[in-house]
Amino acid sequence: MKLLLGFIIIIVAGFSVNKNLFSNKAYDDVTSVTDIITNYPVNMFDFKQTMQDYAHHLCYKNEDTLTSQHITVTDCISKLDDKKIECEKKVFRLAPLNLESKGEVLDYSRQYTQCTLPYKYILG
């Protein structure tokens, strides 16, 4: 019984720490993915990782909006992780190895977030 209680406490603590560390990461006060990216051209491999991190951030940032749609942050993250590979293939299959302009970055970021996070009113 003590082992089960200890295990539950560790899981809850781990989730809380992960949420707080991630939500306070480099994305505080970011309104667009172009606020994160400062140097061009942008390497596509780095961009994909940035987009995945940013999409996770959007789930945490829009917790109230998701709750009003009866979706938890955990559900949002799970959906994002489930659709990651499918959306990368769909959005980035013909993308260049380097994104040369802010317009390209915005276009690919919009497509990726719409594919992975198809929830209404999620802001990014």
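Reader: Looking at the model, how are α2 and α4 oriented to each other?
Author: They are roughly antiparallel to each other, a label used for angles over 145 degrees, while angles under 35 count as roughly parallel, 65 to 115 as roughly perpendicular and the rest as oblique. Please keep in mind that this is a predicted model, in which local features need pLDDT of at least 70 and side-chain atom pairs count only at pLDDT 80 or more, whereas totals for chains, interfaces and linings use all residues. Residues are numbered from 1 along each chain as its sequence is written, and side-chain values use heavy atoms, with hydrogens and water left out.

Reader: At what angle do α2 and α4 pack, and how far apart are their axes?
Author: The angle is about 155°, and the axes lie 10 Å apart. The axes are lines fitted to C-alpha atoms, for helices over the stretch in contact, and the angles, taken between N-to-C directions, run from 0 to 180 degrees.

Reader: Is that crossing left-handed or right-handed?
Author: The crossing of α2 and α4 is right-handed, which is said when the near helix is turned clockwise from the far one by less than a right angle, and left-handed when anticlockwise.

Reader: Which residues meet there?
Author: From α2, the residues include Met44, Phe47, Gln52 and Tyr60, and from α4 they include Val73, Leu80, Lys84 and Phe92, where contact means heavy atoms within 4.5 Å. The residues of this contact of α2 with α4 divide into 10 nonpolar, 2 polar and 4 charged, with Ala, Val, Leu, Ile, Met, Phe, Trp, Tyr, Cys and Pro counted as nonpolar, Asp, Glu, Lys and Arg as charged, and the others, Gly among them, as polar.

Reader: Let me pick glutamine 52 from that: what does it touch beyond its sequence neighbours?
Author: Leaving aside neighbours within four places in sequence, glutamine 52 is in contact with Leu80, Asp81, Lys84 and Tyr112.

Reader: And is glutamine 52 buried or exposed?
Author: Glutamine 52 has a relative accessible area of 14%, so this residue is buried; buried means under 20%, exposed over 50% and partly exposed in between, using a 1.4 Å probe and protein chains only.

Reader: What do the buried residues of α4 pack against?
Author: They pack against α2 (44–61), α3 (63–68) and α5, and Cys76, Ile77 and Cys87 are among the buried residues of α4.

Reader: How do the axes of α4 and α5 cross?
Author: The axes of α4 (residues 73–92) and α5 (residues 102–116) come within 8 Å and cross at roughly 140°, which means that α4 is oblique to α5.

Reader: What about α2 and α5, how do their axes cross?
Author: The axes of α2 and α5 come within 10 Å and cross at roughly 50°, which makes α2 oblique to α5. The residues of their contact divide into 8 nonpolar, 4 polar and no charged.

Reader: Last one: how many helices and strands does the protein chain have?
Author: The chain has 5 helices and 2 strands, which are DSSP runs numbered from the N terminus, helices being H or I of at least four residues and strands E of at least two. From the N terminus on, the order of elements is α-β-α-α-α-β-α, and of the 124 residues 36% count as buried.
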